[in-house]
Amino acid sequence: MKKSENKSDLRIRKTEQAIKNAFIELRAKKPLEKITVKELCELALINKSTFYSHYEDIYALSEAMEQETVESIIGSIDHLKDYTTDNSDAFTRELCLAFMSQISLIKILFSGRGQSHLGIRLDRALKEVISRKYPEYKKDPAKQILLSYCIQGTYHAYLSNPQADTETFVRTIENIVRCLRPLL
């Protein structure tokens, strides 16, 4: 019995991956609202009923992939549990590099109208992580605003300066956060 469960799990994982790969391929070519379940299923070589057994619709799939991307960015930050306000610039460096390591996928998933979604999702997720370590931040509007400024400001600075090389961008953001450190 256990062997068939593992086989089933493998089939489910392969189907999930086929759906996600097809979605990324389609999303790279067209806006989210133009992607149909029918064309995704044809590309993924699955039936529509199979798709619907995994996702409610294309938007639910997009939502899930966006969330996975944010979790992957945050999960790839080394020493996240060691973050303190004293090393916020080092944390910022790691966050920027984690973000940039996923930039190809980010540009596809969060393109067009979805561009602001990533900043909002990162803001929410990082505030949650920081609030677990510093519970007092959650109830302090000034800290919440400052965190949003740093998180979303970094994201929008990146979008607005695509010509900047990685080291210049990261070093500049580190310097900004270092200047803001007394407010943290």
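1. Buried here means under 20% relative accessible area, exposed over 50%, and partly exposed in between, with a 1.4 Å probe and protein chains only. By that rule T154 is buried, at a relative accessible area of 15%. T154 sits in helix α9, where helices are DSSP runs of H or I with at least four residues, strands are runs of E with at least two, and both are numbered from the N terminus. Neighbours within four places in sequence aside, T154 is in contact (heavy atoms within 4.5 Å) with C96, Y149, F169 and I173.

2. Basis of the values. The model is predicted, so local features need pLDDT of at least 70 and side-chain atom pairs count only at pLDDT 80 or more, while totals for chains, interfaces and linings use all residues. Residues are numbered from 1 along each chain as its sequence is written, and side-chain values use heavy atoms, with hydrogens and water left out.

3. Overall fold. The protein chain has ten helices and zero strands, in the order α-α-α-α-α-α-α-α-α-α along the sequence. Its C-alpha trace spans about 55 × 40 × 30 Å along the principal axes. Of the 184 residues, 41% are buried. Among contacts between residues at least 6 apart in sequence, 65% join residues at least 24 apart. The accessible surface of the chain, by the Shrake-Rupley method with a 1.4 Å probe, is about 10900 Å², and carbon and sulfur atoms account for 55% of that area.

4. Nonpolar core. The term stands for a set of buried Ala, Val, Leu, Ile, Met, Phe, Trp, Tyr and Cys residues joined through side-chain atoms within 4.5 Å. The largest such core has 51 residues, and those touching the most other members are F23, L40, F51, I58, L61, F99 and L118. Two or more core residues come from each of α1 (2-29), α2 (37-44), α4 (58-75), α5, α6 (103-109), α7 (115-133), α9 and α10. With neighbours within four places in sequence left aside, F23 is in contact with L32, I35, L40, I58, L61, S62, M65 and L109. In soluble globular proteins, nonpolar side chains tend to be buried together.

5. Helix α10. This helix covers residues 166-180, and its 15 residues should span 21 Å at 1.5 Å a residue; the end C-alpha atoms are 21 Å apart, which agrees. The expected span is 1.5 Å times one less than the number of residues. Buried in α10 are F169, V170, I173, E174, V177 and L180. They cover an arc of only 130° around the axis, so they lie on the same side of α10; the arc is taken over the directions from the helix axis to the C-beta atoms. The cover over these buried residues includes α5 (88-101) and α9 (141-160).

6. Helix α5. The buried residues of α5 are S88, D89, F91, T92, L95, C96, A98, F99 and M100. They pack against α4, α6, α7, α9 and α10.

7. A salt bridge is a side-chain nitrogen of Lys or Arg within 4 Å of a carboxyl oxygen of Asp or Glu, and the structure holds twelve. One of them joins the side chains of E63 and R121 at 2.5 Å, N to O. This pair links distant parts of the chain, with E63 in helix α4 and R121 in helix α7, 58 residues apart. E63 is partly exposed at 44% relative accessibility, whereas R121 is buried at 8%. R121 also meets E66 in a salt bridge of 3.1 Å, N to O. Here too distant parts of the chain are linked: R121 in α7 and E66 in α4 are 55 residues apart. E66 is buried, with a relative accessible area of 5%.

8. The side chains of E174 and R93 meet at 3.0 Å, N to O. E174 belongs to helix α10 and R93 to helix α5, 81 residues apart, in another link between distant parts of the chain. E174 counts as buried at 10% relative accessibility, while R93 is partly exposed at 23%. Salt bridges with shared partners join R93, E167, R171 and E174 into one network.
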